[in-house]
Amino acid sequence: AEVVRAFSLWLLELFALLAMRKIHRGQLRELDFGAGKVEQILSMVIASGMILGALWIIHVALTLIAGDRGVGTPGALALGAISSAYNTYVNVLAWRKVAAATPVGSPAIMKAQLQSRVVKLTSSAVVTVLLTVSARFPDPMIVRVCDVTGGLFVASFIFIIAGGMIRASSA
């Protein structure tokens, strides 16, 4: 399920990237409603994808609270912490590139991509810390608390950023 969610969001970002390339290369000038409307729609689509991801995270957290889902083994948690640390590093690099390409006064779609990168970077950092704590102290209660705390933090952060993107796109 996690792979399906990640792949869906990846496809959404690929679509947004291809649309941004067309807009900024002047290939969508002939639209009756202008490229700005396309950017607003893409921002709304990205925000909607983020909200769907946040709802999925909350669903997983609720299944953990209810006890319907088990916790990971110490080895799996350690492997998760290592891969999460690498993911955080990759997100830092991606955030730096997007931030450099998004000066003040950039189009809405570029701002949406930057906000999406901030969410990914912050989420990755929080998940890395909590996975590391879970791997270091593999008590099932600690692991469950870290997992639920991380999930709810990330979901809340996503809702805040996505809400801002929706407000900015509809203005």
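In which helix is the place of Gly 150? Gly 150 has its place in helix H5, and the legends below treat this helix along with other parts of a predicted model.

**Figure 1. Overview of the protein chain, which has five helices and zero strands.** The model shown is predicted. Read along the sequence, the elements follow the pattern α-α-α-α-α. The chain has 171 residues, and 35% of them count as buried. Contacts between residues at least 6 apart in sequence join residues at least 24 apart in 78% of cases. The protein chain exposes about 10,000 Å², with carbon and sulfur atoms supplying 70% of that area.

**Figure 2. Leu 14 and a nonpolar patch on the surface.** Leu 14 is found in helix H1, which covers residues 2-24. The patch is formed by Trp 10, Leu 11, Leu 14, Leu 17 and Leu 18. Together these residues have about 460 Å² of accessible area. Leu 14 has a relative accessible area of 32%, so this residue is partly exposed. A general point about helices applies to this view. An α-helix has 3.6 residues a turn, so residues three or four places apart point the same way.

**Figure 3. Helix H3, residues 74-100, and its buried residues.** Helix H3 has 27 residues. From its first C-alpha to its last, H3 reaches 39 Å, close to the 39 Å expected at 1.5 Å a residue. The buried residues of H3 are Leu 77, Gly 80, Ala 81, Ser 84, Thr 88, Asn 91 and Val 98.

Figure 4. Thr 128 counts as buried because its relative accessibility is 12%, which is under the 20% cut-off. Its side chain joins that of Thr 88 through a polar contact of 2.9 Å. A polar atom of the Thr 128 side chain also lies 2.7 Å from the backbone oxygen of Ser 124.

**Figure 5. Gln 115 in helix H4 and its contacts with Ile 161 and Met 165.** Gln 115 counts as partly exposed, because its relative accessibility is 32%. Ile 161 is 46 residues away from Gln 115 along the chain, yet their C-alpha atoms are separated by 6.8 Å. Ile 161 and Met 165 are the residues in contact with Gln 115 when its neighbours within four places in sequence are left aside.

**Figure 6. Helix H5, residues 140-170, and its start.** Helix H5 has 31 residues, which at 1.5 Å a residue should span 45 Å. The end C-alpha atoms of H5 are 44 Å apart, which agrees. At the start of H5, a side-chain oxygen of Asp 139 reaches to within 3.1 Å of the backbone nitrogen of Met 141.

**Figure 7. Gly 150 in helix H5 and the residues it touches.** Gly 150 has a relative accessible area of 5%, so this residue is buried. Not counting residues up to four places away in sequence, Gly 150 touches Val 126 and Leu 130. The C-alpha atoms of Gly 150 and Ser 123 are separated by 8.2 Å, and the two residues are 27 residues apart along the chain.

Notes: Residues are numbered from 1 along each chain as its sequence is written. This is a predicted model: local features need pLDDT of at least 70, side-chain atom pairs count only at pLDDT 80 or more; totals for chains, interfaces and linings use all residues. Side-chain values use heavy atoms; hydrogens and water are left out. Helices (H or I, at least four residues) and strands (E, at least two) are DSSP runs, numbered from the N terminus. Buried means under 20% relative accessible area, exposed over 50%, partly exposed in between (1.4 Å probe, protein chains only). Contact means heavy atoms within 4.5 Å. Accessible areas come from the Shrake-Rupley method with a 1.4 Å probe; for residues, only the protein chains shown count as cover. Patches are made of residues with over 30% relative accessible area and no salt bridge: like charges are joined within 9 Å, nonpolar side chains (Val, Leu, Ile, Met, Phe, Trp, Tyr) within 5 Å. A salt bridge is a side-chain nitrogen of Lys or Arg within 4 Å of a carboxyl oxygen of Asp or Glu. The expected span of a helix is 1.5 Å times one less than its number of residues. A polar contact is a pair of N or O atoms within 3.5 Å; within protein, one must be able to donate a hydrogen and the other to accept it, and residues adjacent in sequence count only if both atoms are side-chain atoms.
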